[in-house]
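Please read it alongside the sequence and the model shown here.

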Amino acid sequence: MTAVLEVEALDAGYGPVPVLRDVAFSVPAGTVAAVLGANGAGKTTLLRTLSGLLRPTGGRIRYAGEDLRGVRVEHLVRRGLAHVPEGRGVVTELTVAENLRLGGLWRRDRADARRARDEVYALFPALADRRDHLGHQLSGGERQMLAIGRALIARPRLLLLDEPSLGLAPRVTAQIMALLRRLCDEQGLTVLLVEQNVRTALAVADQGIVMSLGRVVTAAPAARLRDDDRLRHAYLGF
Amino acid sequence: MERFWFLTFDGLAAGAVYAAFALALVLIWRAARVVNFAQGAMAVATAYVGYAVAGATGSYWLGLAAAVLSGLALGALVERVLMRFVGTAGPLNQVIVALGLVLLIQAVLGMVFGNGYRPAATPFDTDALTVGGVAALSPYDLWVLGAALAVVVLLALLFTRTPVGLRMRAAAFAPEVSRLLGVSVGRMLTLGWALAAGVGALAGMLVVPTGLGLHPHAMDLVFVVAFTAAVVGGLDSPVGAVVGGLLVGLILSYVTGYLGPDTTPLAVLVLLLAVLLVRPGGLFSAARARHV
């Protein structure tokens with residue numbers, strides 16, 4: 001299976017403070033990889049570096065076989081790399097419909113952008129009912145659905161998701177995870193998921209990437225991390 | 001009563017220009033979180049260009065087009081070569097640079113065109129028409145009112161009905177998310193400055209003939225009034241800028257008419273102070289606190 005994302009010896013940080021050190025892993029096409037680890041392990045920094053918001057200080061990021069160095073952030077979505085940032089992905093001053101329109105503005109294929117929008121409304125009927133509401137009038141779950149739905153309008157190959165379960169009811173989280181699984185299995189989407197909620201993440205993921213203090217301490221099939229007591233105790237603390 | 005109506009019409013015509021100028025301030029505030037203190041000076045510079053072209057070609061309309069075009073270019077230039085490289089670490093940095101730009105523009109205009117007042121031609125008659133025995137608006141006032149309202153409507157359409165308007169709003173509210181969605185935020189910022197300066201140039205062309213004429217400092221008081229109007233409306237709100245502009249125009253017209261023109265500058269500052277004391281967020285401020 002070809003890897004959509006390959007990370008080698010990646011270093012990154014904020015100013016003089018290094019956060020990521022020598023990070024390496026790869027994510028095969030059509031799979032879900034979950035990045036796990038405690039607060040401050042560097043999970044969000046990793047996603048921000050992958051989508052170009054943060055410049056790496058060393059190492060390589062290969063996406064679909066291409067080196068991403070020097071590619072501008074605003075061009076990544078055109079290549080099929082979508083990033084839903086933590087907590088504040090929705091532009092709260094815009095309506096639901098405007099947020100979704102924004103997600104497809106760069107697309108040349110206007111008809112398909114509209115079709116993708118209708119699919120999002122079908123996927124999340126709650127959004128269709130509230131399309132003229134402003135972002136800040138939505139509940140946490142609706143915002144998360146909107147942020148994910150808006151990313152899907154790009155018809156991405158790789159979806160970077162930061163803490164999609166944050167502040168959501170378990171039922172909504174389960175719904176979103178099931179959706180991700182389905183998109184991977186049916187449409188070949190590849191997902192890199194950052195999660196605090198380890199059980200939820202391992203239930204949906206194919207691969208678990210455990211980080212601690214800016215390093216990858218282990219990358220293993222999710223089933224092994226789930227079932228091997230020794231690994232689970234050592235790296236995930238339960 | 002006749003005088004009251006006259007002052008009301010006069011105030012609305014002046015207020016329409018303040019509204020357009022305040023709108024230009026709001027445009028930049030929303031895009032870059034900066035009050036562009038150089039906007040008055042930039043508008044004067046473009047008005048000089050406009051009237052120079054009008055004088056050379058004999059056509060007011062060509063002059064107006066030249067002023068607006070040079071405004072668009074000047075706004076883009078100021079953002080691209082100046083503001084972009086000023087650190088945004090402190091809100092004062094860009095304000096200081098803008099004030100420096102005021103001094104620079106006014107000095108250069110004085111050197112090139114001289115510091116005297118130059119007459120500015122108007123395309124329409126400035127004598128008030130009398131309607132039913134009441135002196136109301138002059139044809140020029142009607143043109144000013146119409147042009148200012150047209151700008152307001154066009155900007156509203158641009159922002160709410162077009163893809164580029166949606167991009168500009170998104171880039172202003174959430175720059176990082178917008179970049180992830182493929183919006184070139186830097187380009188939107190340049191466009192915001194260009195649009196604002198273009199609107200400012202139009203407002204300058206409209207307002208200069210109503211004063212003493214063209215002069216490097218011709219827009220100084222207009223800027224203060226428009227800034228007050230923008231603050232009255234809440235710096236974040238385009239609707240607020242328009243309502244604030246008309247309101248301030250009316251108030252100043254009554255003050256000038258009933259108390260005398262000497263009190264006008266004082267009245268502006270009193271109004272600004274009152275708004276900042278009573279409702280610092282402006283009349284149209286959202287419920288949430290503004291964090292600068």
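**Briefing: chain contact, cavities and pockets**

A:Glu98 and B:Arg169 join their side chains in a salt bridge, with an N to O distance of 2.7 Å. The model is a predicted one. Three salt bridges in total are found by the rule across the interface of chain B and chain A.

**Interface of chain B and chain A**

- Chain A brings 22 residues to the contact, and chain B brings 16 residues.
- About 1900 Å² is buried between the two chains, and carbon and sulfur atoms account for 63% of that area.
- Of the area that chain B buries against chain A, 35% comes from B:Leu166, B:Leu180 and B:Leu181, more than from any other three residues.
- Five residue pairs are in polar contact across the interface of chain B and chain A, both residues being at pLDDT 80 or more.
- On the side of chain B that touches chain A, α6 (163-173) and α7 (175-180) of chain B each supply at least two residues.
- The greatest contribution to this side of chain B is that of α6(B), with six residues.
- Sorted by class, the side of chain B that touches chain A holds nine nonpolar, five charged and two polar residues.

**Salt bridges over all chains**

- Over all chains, the rule counts 17 salt bridges.
- One salt bridge lies within chain A, where the side chains of A:Arg181 and A:Asp185 meet at 3.0 Å, N to O.
- Helix α7 of chain A (residues 170-187) holds both A:Arg181 and A:Asp185, which are four residues apart, about one turn of the helix.

**Cavities**

- Five cavities of 30 Å³ or more are counted by the rule.
- The largest cavity contains about 70 Å³ of space.
- Its lining is formed by B:Leu27, B:Arg30, B:Ala31, B:Phe159, B:Met168, B:Arg169, B:Ala172 and B:Gly192.
- Two or more residues of the lining of the largest cavity come from each of α1 (2-32) and α6 of chain B.
- The lining of the largest cavity comprises five nonpolar, two charged and one polar residues.

**Second largest pocket**

- The volume of the second largest pocket is about 910 Å³.
- The pocket is lined by 41 residues, of which B:Ala14, B:Tyr18, B:Val207, B:Thr210 and B:Gly211 are the closest to its centre.
- At least two lining residues of the second largest pocket come from each of α1, α5 (139-161), α8 (185-207), α9 (220-233), α10 (238-259) and α11 (264-278) of chain B.
- With eight residues, α1(B) gives the most to the lining of the second largest pocket.
- By class, the lining of the second largest pocket has 25 nonpolar, 13 polar and three charged residues.

Key:
Residues numbered from 1 in each chain as written. Chains lettered and ligands numbered in written order. Heavy atoms only, no water. Contact = heavy atoms within 4.5 Å. Buried area = accessible area lost by both parts, 1.4 Å probe. Salt bridge = Lys/Arg side-chain N within 4 Å of Asp/Glu carboxyl O. Polar contact = N/O pair within 3.5 Å; in protein donor to acceptor, adjacent residues only side chain to side chain. Nonpolar A, V, L, I, M, F, W, Y, C, P; charged D, E, K, R; others polar. 1 Å grid on protein atoms, 1.4 Å probe; cavity = no way out; pocket = protein on both sides within 12 Å on 5 of 7 lines; lining within 4 Å. Points joined across faces, edges and corners; volume = space filled by probe spheres on them.
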